[in-house]
Amino acid sequence: MSQALPQVVTANPATIELSPSPFPTAWVLDGCPQARATAIAHSRDGAMTVIAWSCTEGRFRWQYRVDEMVHILSGEVIITDQSGIERRLGPGDTAFFPAGSSSVWQVIRDVRKVAVCHVAVPQLVGLVLRIWSKLCRTAGEVLGLDAEADASDGGLMSTERLSRPQAHSAAPPG
């Protein structure tokens with residue numbers, strides 16, 4: 001029985017269709033911001049998700065339960081972190097929000113972003129995974145095997161819930 005090869009997931013987060021994704025009304029500080037989102041891909045281990053997200057104008061507090069890296073595609077937002085420092089984010093800007101933090105988002109112009117959300121693993125687990133990966137690479141080098149491909153299961157995987165993005169696999173040259 002052969003295992004299916006992982007597929008590369010491609011999508012255009014600027015145009016992919018989004019579904020309503022409301023956040024708690026208690027987080028809203030001003031206006032009536034409406035969020036929409038869709039998951040584009042998930043890592044095989046479920047620890048990472050790539051999401052396209054948008055929100056209309058308004059002001060709200062966001063609490064991060066996971067590490068989140070965002071890349072703004074369109075619109076404008078002023079982010080105020082827990083220290084009171086304000087930062088403007090617009091198209092092309094990237095920001096990282098660690099798990100456990102919170103910030104106030106003031107959406108000036110409807111914003112659209114791509115977000116990579118990652119569930120942090122305990123440091124000991126991360127250390128064990130790095131050691132395992134190193135052992136696999138070393139064993140592959142010593143034995144002449146392609147251990148790198150076996151040890152690199154961190155690629156993004158599509159799931160059955162992710163029906164809109166296109167999955168492509170490269171065909172070997174002719």
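## Reading cysteines, burial and contacts

Tutor: The count of disulfides comes to 0 here. Take cysteine 55 as a case: it is in no disulfide, and the nearest cysteine sulfur, that of cysteine 32, is 9.6 Å away. Keep in mind that this is a predicted model.

Student: What is a disulfide?

Tutor: A disulfide is a covalent bond between the sulfur atoms of two cysteines. The cut-off used for the pair of sulfur atoms is 2.5 Å, and cysteine 55 has its nearest cysteine sulfur 9.6 Å away, so cysteine 55 is not in a disulfide.

Student: Is cysteine 55 buried or exposed?

Tutor: Buried means under 20% relative accessible area. Cysteine 55 has 2% relative accessibility, so it counts as buried. Cysteine 136 has a relative accessible area of 17% and is buried too.

Student: How much of the protein chain is buried?

Tutor: The protein chain has 174 residues, and buried residues make up 33% of them. As for the surface, the chain exposes about 11,300 Å², and 56% of that is supplied by carbon and sulfur atoms.

Student: How many helices and strands are there, and in what order do they run?

Tutor: The protein chain holds 2 helices and 12 strands. Read from the N terminus on, the order is β-β-β-β-β-β-β-β-β-β-α-α-β-β.

Student: What share of the contacts joins residues 24 or more positions apart?

Tutor: Count the contacts in the protein chain with a separation of 6 or more: residues 24 or more positions apart account for 69% of them.

Student: Where is glutamate 68, and is it buried or exposed?

Tutor: Glutamate 68 lies in strand E7. With a relative accessible area of 6%, glutamate 68 is buried, because the cut-off for that word is under 20%.

Student: Which side chain has a polar contact with the side chain of glutamate 68?

Tutor: That of lysine 113; the polar contact between the two side chains is 2.8 Å. Leaving out residues up to four places away in sequence, glutamate 68 touches several others, including Trp62, Phe96, Phe97 and Val116.

Student: Which strand holds glutamate 76, and what does this residue touch?

Tutor: Glutamate 76 is in strand E7, which covers residues 67-81. Residues up to four places away in sequence are again not counted; among those that glutamate 76 touches are Arg88, Leu89, Arg109 and Asp110. Its relative accessible area is 16%, so glutamate 76 is buried.

How values were computed
Residues are numbered from 1 along each chain as its sequence is written. This is a predicted model: local features need pLDDT of at least 70, side-chain atom pairs count only at pLDDT 80 or more; totals for chains, interfaces and linings use all residues. Side-chain values use heavy atoms; hydrogens and water are left out. Helices (H or I, at least four residues) and strands (E, at least two) are DSSP runs, numbered from the N terminus. Buried means under 20% relative accessible area, exposed over 50%, partly exposed in between (1.4 Å probe, protein chains only). Contact means heavy atoms within 4.5 Å. Accessible areas come from the Shrake-Rupley method with a 1.4 Å probe; for residues, only the protein chains shown count as cover. A polar contact is a pair of N or O atoms within 3.5 Å; within protein, one must be able to donate a hydrogen and the other to accept it, and residues adjacent in sequence count only if both atoms are side-chain atoms.
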